[in-house]
Amino acid sequence: MVKNFLYQSGEEVRCGDHIRYHGEQGLVELVVADKVGDDAVDWYLEEYPGGGLMLNASNFGNVFLRLNDIDEKLVFVSRKVEAGGPVIGPEETP
């Protein structure tokens, strides 16, 4: 069974999402919900049961958030539906 991680606003967290974390722009680089057969990815499930997600935020660098760490400080900004497709998401505010 695949778990879905959700932002506080209700959207599903996906790789490639543009986000703000503590007010800094960033990107979701990895979502770890279930074992995928890749030792580097599966290691996160062994270390952090329940999984989580890897962010790259402009002033933080890489940050791994466990499921319980996903809170109002992680804000969904936008996502590309497909290569060259429209960007969806709430309008970004300064």
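**Core, helix and strands**

Q: Which residues touch the most other members in the largest nonpolar core?
A: Tyr 7, Ile 19, Tyr 21, Leu 53, Leu 55, Leu 65 and Leu 74, out of 15 residues in that core. Keep in mind that this is a predicted model.

Q: Which elements give two or more residues to this core?
A: Four strands do: S1 (18–21), S3 (52–57), S4 (61–66) and S5 (74–80).

Q: And which one gives the most?
A: S3, with 3 residues.

Q: What is Ile 19 in contact with, leaving aside its neighbours within four places in sequence?
A: Tyr 7, then a run of Glu 24, Gln 25, Gly 26, Leu 27 and Val 28, then Leu 55, and finally Leu 74, Val 75, Phe 76 and Val 77.

Q: What other core lies apart from that one?
A: There's another of 6 residues, and its members include Val 32, Val 41, Tyr 44 and Met 54.

Q: OK, switching to the helix. Which residues of H1 are buried?
A: H1 spans residues 39–47, and Val 41, Asp 42, Tyr 44 and Leu 45 are buried in it. They sit on the same side of H1, because they cover an arc of only 140° around the axis.

Q: What does the face turned away from that buried side carry?
A: The exposed residues Asp 39, Ala 40 and Glu 46.

Q: So what covers the buried residues of H1?
A: Strand S2 (24–32), S3 and S4 are included in the cover.

Q: What's going on at the start of H1?
A: Asp 38 has a side-chain oxygen that comes to within 2.9 Å of the backbone nitrogen of Ala 40.

Q: Different Asp now. Where is Asp 17 found, and is it buried or exposed?
A: Asp 17 is in the segment before S1. It counts as buried because its relative accessible area is 0%, and the cut-off is under 20%.

Q: What does the side chain of Asp 17 make a polar contact with?
A: With the side chain of Tyr 7, at 2.7 Å. The Asp 17 side chain also reaches the backbone nitrogen of Arg 14, at 2.9 Å.

Q: What else does Asp 17 touch, not counting residues up to four places away in sequence?
A: Besides Tyr 7, Asp 17 touches Glu 12, Gly 26, Leu 27, Val 28, Phe 76, Ser 78 and Arg 79.

Q: How about Ser 9, buried or exposed?
A: Exposed, at 52% relative accessibility. Ser 9 also lies in the segment before S1. From C-alpha to C-alpha, Ser 9 is 9.8 Å from Leu 74, though 65 residues separate the two in sequence.

Q: Now the sheet. How do S1 and S2 pair?
A: Antiparallel, over 4 bridges. Within that pair, Tyr 21 stands opposite Glu 24 in S2.

Q: And how many bridges join S1 to S5?
A: There are 4, and S1 and S5 run antiparallel. Arg 20 has Val 75 in S5 opposite it.

Q: Which residue takes a positive phi in the hairpin of S1 and S2?
A: His 22, near 55°, in a hairpin with 2 residues between the strands.

Q: Why flag that one?
A: Because most residues other than glycine have a negative phi. His 22 has a positive value and isn't a glycine.

Q: Is His 22 buried or partly exposed?
A: Partly exposed, at 42% relative accessibility.

Definitions and conventions:
Residues are numbered from 1 along each chain as its sequence is written. This is a predicted model: local features need pLDDT of at least 70, side-chain atom pairs count only at pLDDT 80 or more; totals for chains, interfaces and linings use all residues. Side-chain values use heavy atoms; hydrogens and water are left out. A nonpolar core is a set of buried Ala, Val, Leu, Ile, Met, Phe, Trp, Tyr and Cys residues joined through side-chain atoms within 4.5 Å. Buried means under 20% relative accessible area, exposed over 50%, partly exposed in between (1.4 Å probe, protein chains only). Contact means heavy atoms within 4.5 Å. The arc is that of the directions from the helix axis to the C-beta atoms. A polar contact is a pair of N or O atoms within 3.5 Å; within protein, one must be able to donate a hydrogen and the other to accept it, and residues adjacent in sequence count only if both atoms are side-chain atoms. Two strands pair if DSSP finds at least two bridges between them.
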